[in-house]
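Good morning, and thank you for coming.

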Amino acid sequence: MTIIENLKRLFGFLLRKDQSERRDLASLFRFKYSLFKELLAANTELLNVITDIEEKLQGRQLFGMSYIRSQTSRAVFYSFRMVKSLDVLSGRCYLDLYRVLEKIHNQIKEIVGQKRELDAPTLIMPFAEITKDMSDWVGGKSANLGEVRNRAGLPVPRGFAITTAAYDLFLSRNDLSNEINKRRMNIDVNEPESIEAVSRDIQALVLAAAVPEELAQALAEAYDTLASEIAPAAPKAAQPSVSLRSSAIGEDSDWSFAGQYLTVLNVAPDQLGETYKQIVASLYSPRAIAYRLNKGIRDEDMAMSVTCLEMVPSVASGVVYTRHPFNVLDDNIMISAVWGLGPYAVDGVVSPDSYRAAKDEALSLLEVRTARKPVRLVTLPEGGVGEQPVPEAQQEVPCLSPEQIKVLAGYARSLEEHYKGPQDIEWALNPEGRLLILQTRPLHLQAAEIGDVEVDIDLDVHPLMVERGAVAQPGIGCGPAFILQAESELGQFPEGAVLVAKHSSPKFALVMRRAQAIVTDSGSVSGHMAAVARELGVPTVLDTKNATASIPPGAEITVDAYHGRVYAGRVEKLLAIQPPRESHMEDTPVYQTLKQVAALITPLNLIDPKAPDFDAEHCQTLHDIGRLVHEFSYQTMFQVSDLVTDESGGAVKLDAPIPLDLYIIDLGEGLHNGHPPGQVGVEQINSAPFRALLKGMLHEELRVYGPRPVQFSGFLSVMREQMLASPGDRFGDRSYAIISDKYLNFSSRVGYHYSILDAYCGDTVNKNYITFSFKGGAADEVRKNRRVRAIAQVLEALDFQVEVTGDRVYARFQKYPKQEIETKLDMVGRLLQFTRQMDMLMHTETSVAMVAKNFLEGNYHYEKDFADKIPEEEPSPKPDFPSL
């Protein structure tokens, strides 16, 4: 049975909902809304997987086949979840997407199936035999330490790895897999207490299990060998202690479980077996279980290796960054140090000394800052660790001498060269004065916060045009600014320019290979466009708020996509220091496998929803499927109000001074409790998008109930069309708002006008959107078309994407922060009120721009002089009308 078939069975309950519940309209709406929320959540997780794969393809992070299997399974899982949600939401209209997903999944399986990872050859592996290629056997932590020792040639603590073969043996001998799976069936993802209870049961099972005899013997032999290396003449009673650290599969990758698994320091030799079980049990801590559930990580993809190291009773310890983590201009080595063991440096318990060294041949010492260090963490004779005061005379003494700083800086430079990228390193100084590397991993360059760093750039020569934005893809880009006013202008984008736009869009993929950088006023770093920018390596800064307003068209600019800033002119200092994009994984077989698989997951080919090939048949990747489903989900939810009838049950009437007979269906948390039976007031609305819409509709300048000023010819046109219209052309007069705390579907049917608004307004930018449609009117076709074009001009000025067809206008505004969504909903609410009886003013083409201009300027009254400004009807051929 394929994974798709299994997933269909898993989600089959969606199609087997109780029929009596489905007949209840309010329950049906809640059901559809829950599917929509599931779809949005799955879309977010799929984009997170795509982002992680793209970062691994940069080749600076360690991973193995277990990582590839897990991430491809997650990508298929979330793609299926999106397809299933859309298909059920639409009434089974997208069955062809299952076939497309199955085809892509089979292609992935064919690639991954050819690369079966071998089982670890032994239960124990000494560090002398370990390299980075063995992460599937010993986990990332041990694989990196073996690489540092054997290929980089730097000192690490002596020790060995307890492999994944030992983990498999431990589970199988105690029949733990079956027992764990039985207990996992009791987890209710919506009940944290159930996760706590299952965690307690599974951890108790693991701790009560016996360590298999051959594993216990292998542990004892490995320890004896280690002890003889550490202290060959030590008596039995004084045998050295060790530290045991989790080294789970994938633990040191970006989707890692940093801090979720156990590390135990200063372990006595007779406690090795028990401590090993404690670390294995930490795979099932409540936090780790919840993390895997939320991220779609299967237990089958997890395994626990354990790193066993000699316990170094550190005199001093700390962290090294091989460059500044967010100041792109600072390529110097940064060292922090505290007295005692490393956790006090990593956890920030004690303010550390800080040293900076250059990467020149002499490793010149640039800066020494000594902090007061009143306490330290030390090993205790009875086992474990504890806090100890630092002698007063030593508290403000540097932990490292200048010579030791240079040695450590040399190690850091060597590791950066070996791994071909910046490193985050943990180190220790042992009692004999020897410096040891405890761990190394890629250093992630981060965007700087305002005030974190002063970049040494002459702002008189290069004024700061954008002070802050969100970095989607780090890098530096320079070129003339191309200010995009509409997506139709993308064909004019020149080679080597910087694309500056109001909002991110997947359509930008059309010009990314020609772009030096991308800057937008708004957009999400986890959106579809950001994923494409990372795939192509285009420096990208989003959510700057004001780039299109502050950057003149054609101006030469330099984009600093490390700090999220934009400077005027060509800043040579920034362009000169871009770090080289090198990869230490690119020559490995596992990297090539990921590259093959990624070609079926990460590229985005479906860019334009209006294109004829924007359909299931043309989906080539999981990213394409996600984009297609995400787009179609808006359309499907937009139509949800079509299910409403005047006999709908579960609706309550809104008591508010607006000219609508408006009823509300609450999907959950849309209303405050305690409203009178059958009706609610505005103050009882809890729905964020509905509150914002009502704020506009209740604007004090728009509370008008009398007739609008009209011109006589416009009035006659409306009356004539009403007489000619069939009874079926007129919509029912009852309007509906289907709401939750973050969702609104508003359908207004008044006379011959029909408008629908669908919106999501929450804290996750990627989920937020507004779609709005207006159709109808009582005038002739010419006036109705002018009316919708006036509405379209207003919406375009408000940054909506707009389409006009006949007497219908359709607009969308998406992926903006909550506050911006609320502001636009306020304006749409005003527009709904403003446009009542507008047909009668639509006498000439001049009226289209005149009406839009007055609304945008806040003249909401249709004052007599406003009506008089619009000339009388332009002569036009009279249509043939039947005799009345």
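Please bear in mind that the model is a predicted one.

Which residues of α4 and α5 meet? From α4 the list comprises Met-65, Ile-68, Arg-69, Thr-72, Val-76, Ser-79, Phe-80, Val-83, Lys-84, Leu-86 and Asp-87. Their partners in α5 are Leu-97, Tyr-98, Leu-101, His-105, Ile-108 and Val-112. By class, this contact has 11 nonpolar, 3 polar and 3 charged residues.

Let me now take each helix of the pair in turn. Helix α4 covers residues 65–89, 25 residues in total. From its first C-alpha to its last it reaches 36 Å, close to the 36 Å expected at 1.5 Å a residue. Is α4 mostly covered or mostly uncovered? It is mostly covered, with 24 of its 25 residues buried. Just after α4 comes Gly-91, with a positive phi of about 80°.

Helix α5 is made of residues 96–113, and its 18 residues reach 26 Å between the first and last C-alpha, close to the expected 26 Å. Its buried residues are Leu-97, Tyr-98, Val-100, Leu-101, Glu-102, Ile-104, His-105, Ile-108, Ile-111 and Val-112.

The axes of helix α7, residues 164–173, and helix α11, residues 272–281, come within 12 Å and cross at roughly 90°. That angle makes α7 roughly perpendicular to α11. Here Ala-166, Tyr-167 and Phe-170 of α7 meet Tyr-276, Lys-277 and Val-280 of α11. This contact has 5 nonpolar residues, 1 charged residue and no polar ones.

Finally, I turn to the chain as a whole. It has 884 residues, of which 56% count as buried, and its secondary structure comes to 25 helices and 30 strands. Among contacts between residues at least 6 apart in sequence, 66% join residues at least 24 apart. The accessible surface comes to about 37,200 Å², and 50% of that belongs to carbon and sulfur atoms.

Terms used: Residues are numbered from 1 along each chain as its sequence is written. This is a predicted model: local features need pLDDT of at least 70, side-chain atom pairs count only at pLDDT 80 or more; totals for chains, interfaces and linings use all residues. Side-chain values use heavy atoms; hydrogens and water are left out. Helices (H or I, at least four residues) and strands (E, at least two) are DSSP runs, numbered from the N terminus. The expected span of a helix is 1.5 Å times one less than its number of residues. Buried means under 20% relative accessible area, exposed over 50%, partly exposed in between (1.4 Å probe, protein chains only). Contact means heavy atoms within 4.5 Å. Accessible areas come from the Shrake-Rupley method with a 1.4 Å probe; for residues, only the protein chains shown count as cover. Axes are lines fitted to C-alpha atoms, for helices over the stretch in contact, and angles run from 0 to 180 degrees between N-to-C directions. Angles under 35 degrees count as roughly parallel, over 145 as roughly antiparallel, 65 to 115 as roughly perpendicular and the rest as oblique. Ala, Val, Leu, Ile, Met, Phe, Trp, Tyr, Cys and Pro count as nonpolar, Asp, Glu, Lys and Arg as charged, and the others, Gly among them, as polar.
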